[in-house]
Amino acid sequence: MFFFIVWFVSFIVFMLLAFLFNMKHKVIVPLVSALAVSLLIQVLEQFYLSSIIVVAFILYFVVGNIKTFKNEQLKLIIAILFSTSTVTLVLSFTYFNQISNPSDSEIFRVMFIYYPLLIIFIACYAYMLLCLFNFKILQTANPLLYMANKIRGFGRMIRLFWIASRKGLHHLIQQDHAKLPHIIAAILDDMGGVFVKFGQVLSTKKDILPSHYIEAFSNLHDQVKPLSQAELKKIIASKIGNLDETYASFDMQPIAAASIGQVHLAKLKSNGEKVVVKILRPDVKQKMTVDLDLLIQFVTWLSDRSSKMKRLGLVQLAIGFKDNLIEETDFDMEALNTNMLRRAFAEHNIQIRVPNIYSEYSTKQILTMEYIEGERFTKQVTSDVSEMIIHAFLDQILLIGIFHADPHPGNIMMTTDGEVALIDFGSVGYLTDEERSGMLGFLIGYSSNDTKEMANGLKKVCEEGHLLDEDLIERRLSRLITEASFSHDPTSVMMKRLMSMVTEMGLSLKPTVAGAFRAIITIDGTLSSVDEAYSLSKASQSYANHIDKGQLAKERLSDIKGRLEDYIPKLLELPILKDNKITIAREENDNFPDFMKIVTVSIFTVICMVVMLTSFFVQGEIMSFLLAPLSMSGFGVGVMILLMSVMKQLKAKV
C-alpha cells in the first residue's frame, strides 16, 4: 500500500512539473520517474539514502530543464547528488538530533525554505568546481564505458610489462643487444591486435629503420578469428537491412580479415552488381583506442631508456599510426576520401581507376564499394605504366593536395582490362596550400640543382620553419645532393637521407608532409620491385619538365596577392602616424579581462570569509541554517578557483 501511495504522489508531482516546464512526453516521463522513485524508496526506506535520492531526483528534474545545463547533465547530476547528500546528512545528524524539540513552524521553515536553498546553492558550488577541474570521465559520452576501458587498459598494461620482463627486455635495451629487435617483435606478437599491426607497419619503414629491425618485424602476422555468420547478419541487419533482402548473394567466408574488420564479396539484389563489403568489428574503436594509448606508452618507455630507440623516432611513428588507424575505423571518412580522389583524378586526367562507393549501402561501420577484378601489383610492368603511376602520386601531393598515404603493393591493382586501380582509402593525407607549395618548390629546386629554392621549400614544410638557418640548410643540401649523385638512383637516396638530415638538425617535418614523403618512398619501393628500369630520378625529372612553369608562376603570384589582400587591411588598423613616423600601438592590458575575473572571485571569497567569521559570533536561525553553510562553501570554492588561477599563471610563465 505504501508503495502505491508513494508512486501516486510522485506521479502527480512529476506531472505538475512536466506541465510547468512544458516538457515532451508529459505522461510517459512522469510515469517512469514516479516508478523509479517508488522502487528506490521501497528498497532504501530504512536509510537516509531514500530521502537523499528522492530530493536529488526532484531537484534534478527541476534544474535539469534550465537551458544552461542542457549539455552538462552528468556534472549536474553529480553536483546535485553531492549537495543533497551533504546537506541531508548534516541536518540529520545535527539539527534533528538535538535534545530540545524545535517548533513546528521552525521545522517547516528549515525543511521547505533553508533545506532546498542550501542544496541548490551548494550544488552550484560543486558544479563550478567540476567545471573548473574538468575531469576527463565527465567529458565522455559514456562514463561506464570509460571506466571499463580504463580497467581493461590497466590489465593490458600489466600483461605488457609482464611479457617484457619475462623476455628480459630491460636488460637487453640497456646493452643494445643484437637480439633486441626480435624481442620487441615477440612482445608485439604476444600482445596481438594493434601491436602486431604496428609491427607490420614498421616492417615497411625501410627508409627509417635498420635492416635487422625490418627483418624482425616482417615475420609478424595478424591472426584474427573471422566474425561468425550470426554476428555478420546481426551487424548488417542493424546498419543496412536484412542480409537476404539486400544482397542476391553474400560470401560468408571473408577474402581478408584483420583486427579492425573484414572484407566480403557480395552481389547487390537491386542491380546485380558485384561489390566488396567491408565490415567493422563491433566495439573495435573503443578497444583499439585503449591498446593504442598503451602502445604509445610502451614505445615512449623504450625511447626514454635507449638513445638509439629515440633516434629511430618510434614515438612519432606510433602517434601517426594511432591517428591513421582511428581514421580507418570511420568508413564515412573512407567513403569521402574515395569519392574526393575519384573526382580529383577525373578533373586532372589521371589515368588511375578508383572504385565507386555505394552510399545507400554504406554507414560508419559498413562500406560497400565496386568490385574491381584484377591482380595485386606484383608482376612486371612497363616503364610507361610505372612513370604514369609516380606522376599520378606526385600530382596528388603537389597539385591536388590530397594523397593516398599507403601505396604499398596490396593497395595497387592491375585490372583485367589492363588499367591501374587504387584501393583502400582509409589512410589519406591532406596538405595545405603552403605545404604543397613548399614541396613543389623543393622538387623544382632539386630538378634545377638550385639549393636556395630547395631550402626555401623546406622552410615551408618544417615545424618552426621560420627559425631555419637557410645558409646552413643550403650547405647541407648541397652535400646531400653530391653524396646521392654517386648512387644508382640519386633521387631515391636523397629522399631517404633527407628525413635523417632533418632529424639530425633538430627539425621536424609537419606531420602531413612527413606522410607525403613516406608515401613517395613507399611508391618508389613498390615500383622498383615491378619495373627493373624504373628510377625515381628519371621519373621526377620528367615530372619537373612536365609541370607548367607558367601556371606555377601564376599560382605563386596569386598566393602573394592573396596574402597582401589579407594583411594590408590589418596593417592599416595597427599603425598610428605621428610626426611622419609609424608607431605601432601596443595593447598594455591584454590580460585585463582575466585580471577582472580574479578580482571578482577574490572579492567573492573575502565576502564569504567575512560572513563565515561573523556566523561564529552572531547566533540566529538564518545565520545557522543558511548563511554559515553557504559562506563556508563559497569560501572553499573561491579559494580553489584562486589556487587554480595562480597555478595556470605560473604554468604559462614556465
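Q: To start, how many disulfides does the structure hold?
A: This predicted model holds 0 disulfides, a disulfide being a pair of cysteine sulfur atoms within 2.5 Å. As background, a disulfide is a covalent bond between the sulfur atoms of two cysteines.

Q: Okay, and is C462 buried or exposed?
A: C462 is buried, with a relative accessible area of 2%, where buried means under 20% relative accessible area, exposed over 50% and partly exposed in between, using a 1.4 Å probe and protein chains only. C124, with a relative accessible area of 37%, is partly exposed.

Q: What should I know about how the model was treated?
A: It is a predicted model, in which local features need pLDDT of at least 70, side-chain atom pairs count only at pLDDT 80 or more, and totals for chains, interfaces and linings use all residues. Residues are numbered from 1 along each chain as its sequence is written, and side-chain values use heavy atoms, with hydrogens and water left out.

Q: How many helices and strands are in the chain?
A: The chain has 27 helices and 13 strands, which are DSSP runs numbered from the N terminus (H or I and at least four residues for helices, E and at least two for strands). Of the 654 residues in the chain, 42% are buried.

Q: Switching topic, at what angle do α10 and α16 cross?
A: Helix α10 (residues 194-202) and helix α16 (residues 314-328) cross at roughly 115°, and their axes come within 11 Å. Axes here are lines fitted to C-alpha atoms, for helices over the stretch in contact, and angles run from 0 to 180 degrees between N-to-C directions.

Q: And which residues in α10 meet α16?
A: V194, K197, F198, V201 and L202 in α10 meet α16, where the partners include L317, F321 and E328; contact means heavy atoms within 4.5 Å. The C-alpha atoms of V201 and F321 are separated by 8.2 Å, although these residues are 120 apart along the chain. V201 counts as partly exposed, at 28% relative accessibility.

Q: What about the sheet, in which order do its 4 strands come?
A: The order in this open sheet is β5-β10-β9-β7, with mixed pairing, and two strands pair if DSSP finds at least two bridges between them. The edge strands, each pairing on one side only, are β5 (352-353) and β7 (374-376).

Q: How many bridges join β7 to β9?
A: There are 3 bridges joining β7 to strand β9 (residues 412-415), and the two strands run antiparallel. The bridge partner of E375 is M414 in β9.
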